[in-house]
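Reader: I want to learn how to read a protein model feature by feature. Can you take me through one?

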Amino acid sequence: MKKRMFILTNFAMVLFLAACGNNAQDSAKEDQVVNGAAEETTESLKLLENEKTGKYLADSNGMTLYYFKKDEPGKSNCAGECLENWPLFTEKDFDVPEGFDQKDFGTIKREDTGAEQVTYKGFPLYYFVNDKQEGHVNGEGVKDVWYIVNNETVFLQ
């Protein structure tokens, strides 16, 4: 009887320890997944090139980014109907391509919508509604006030 109780106790202890070991392994796997996912959430802006415009800045999906010549540093002058054609660029936690400085990017809180919009050198960034896929630069030069962003962009005030 003592021998049977001893074996049963040892068996229960082995099961208990095995279960604890699996939890530790599962926890380690979950940490890897969480950490891996965290690393994947950091997107990268891209520097693309087009024959017509040369090199230009695009979001992590390759969609062209624009600035509005009538904006001011830290303030957007595109509102209402304008935003229907020029949606906000609001991506967060991104890396910048070579030739750009991360410190040149920031955000503003829009007065009209309260949304945070990404800025480059203080100027809000936008998409163009007629750019349907990576490589489209259909907004370049629209009404002589909309332009692509590149590392040579000079904002005239």
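Author: What follows goes from the overall layout to single contacts. This is a predicted model, where local features need pLDDT of at least 70, side-chain atom pairs count only at pLDDT 80 or more, and totals for chains, interfaces and linings use all residues. Residues are numbered from 1 along each chain as its sequence is written, and side-chain values use heavy atoms, with hydrogens and water left out.

Reader: How many helices and strands are there in the protein?

Author: Helices (H or I, at least four residues) and strands (E, at least two) are DSSP runs, numbered from the N terminus. Here the protein has 2 helices and 9 strands. Along the sequence they follow the pattern α-β-β-β-β-α-β-β-β-β-β.

Reader: What share of the residues counts as buried?

Author: Buried means under 20% relative accessible area, exposed over 50%, and partly exposed in between (1.4 Å probe, protein chains only). Of the 157 residues, 32% count as buried. For the surface, accessible areas come from the Shrake-Rupley method with a 1.4 Å probe; for residues, only the protein chains shown count as cover. The accessible surface comes to about 10,400 Å², and 51% of that belongs to carbon and sulfur atoms.

Reader: What do contacts in the protein say about sequence distance?

Author: Contact means heavy atoms within 4.5 Å. Take the contacts between residues at least 6 apart in sequence: 65% of them join residues at least 24 apart.

Reader: Now a sheet. Which strands form the open sheet, and in what order?

Author: Strands of a sheet pair through backbone hydrogen bonds, either parallel or antiparallel. The cut-off is that DSSP finds at least two bridges between two strands. In this model 3 strands form an open sheet in the order 6-7-8, with antiparallel pairing. Strand 6 and strand 8 stand at the edges with a single partner strand each, so one side of each has no neighbour in the sheet.

Reader: How many bridges pair strand 6 with strand 7?

Author: Strand 6 (residues 105-109) and strand 7 (residues 116-120) pair over 5 bridges, in the antiparallel sense. Lysine 109 has glutamate 116 in strand 7 as its bridge partner. Isoleucine 108 has glutamine 117.

Reader: Is threonine 119 buried or exposed?

Author: Threonine 119 lies in strand 7. Its relative accessible area is 5%, so threonine 119 is buried. Leaving out residues up to four places away in sequence, threonine 119 touches Asp104, Phe105, Gly106, Thr107, Ile108, Pro124 and Leu125.

Reader: Next, charges. Which side chains meet in a salt bridge?

Author: A salt bridge is a side-chain nitrogen of Lys or Arg within 4 Å of a carboxyl oxygen of Asp or Glu. The structure holds 2. One joins glutamate 134 and lysine 46, at 3.9 Å from N to O. This pair links distant parts of the chain, 88 residues apart. Glutamate 134 sits in the loop between strand 8 (123-124) and strand 9 (146-148), and lysine 46 in strand 2 (residues 46-50). Glutamate 134 is partly exposed at 44% relative accessibility, and lysine 46 is partly exposed at 29%.

Reader: What does arginine 110 form a salt bridge with?

Author: Its partner is aspartate 112, with the closest N and O atoms 2.8 Å apart. Arginine 110 is buried at 4% relative accessibility, while aspartate 112 is partly exposed at 41%.

Reader: Which cysteines form a disulfide?

Author: A disulfide is a covalent bond between the sulfur atoms of two cysteines. The cut-off here is a pair of cysteine sulfur atoms within 2.5 Å. By this rule the count is 1. Cysteine 78 and cysteine 82 form the link, their sulfur atoms 1.9 Å apart. The link is left-handed, with -110° about the S-S bond. Cysteine 78 is buried, with a relative accessible area of 0%.

Reader: Last, the rings. How many aromatic pairs does a search of the whole structure find?

Author: Rings of Phe, Tyr and Trp (its six-membered ring) pair if their centres lie within 6.5 Å; planes under 30 degrees apart count as stacked, over 60 as edge-to-face and the rest as tilted. The search finds 13 aromatic pairs. One of them, phenylalanine 89 with phenylalanine 94, is tilted: 5.9 Å centre to centre, 45° between the planes. Phenylalanine 94 and phenylalanine 105 have ring centres 5.6 Å apart and planes at 85°, so this pair is edge-to-face. Phenylalanine 94 lies in strand 5 (residues 94-95) and phenylalanine 105 in strand 6, so the pair ties together parts 11 residues apart in sequence. Both phenylalanine 94 and phenylalanine 105 are buried. Ring pairs also link Tyr66, Phe68, Trp86, Tyr126, Phe128 and Trp146 into a cluster.
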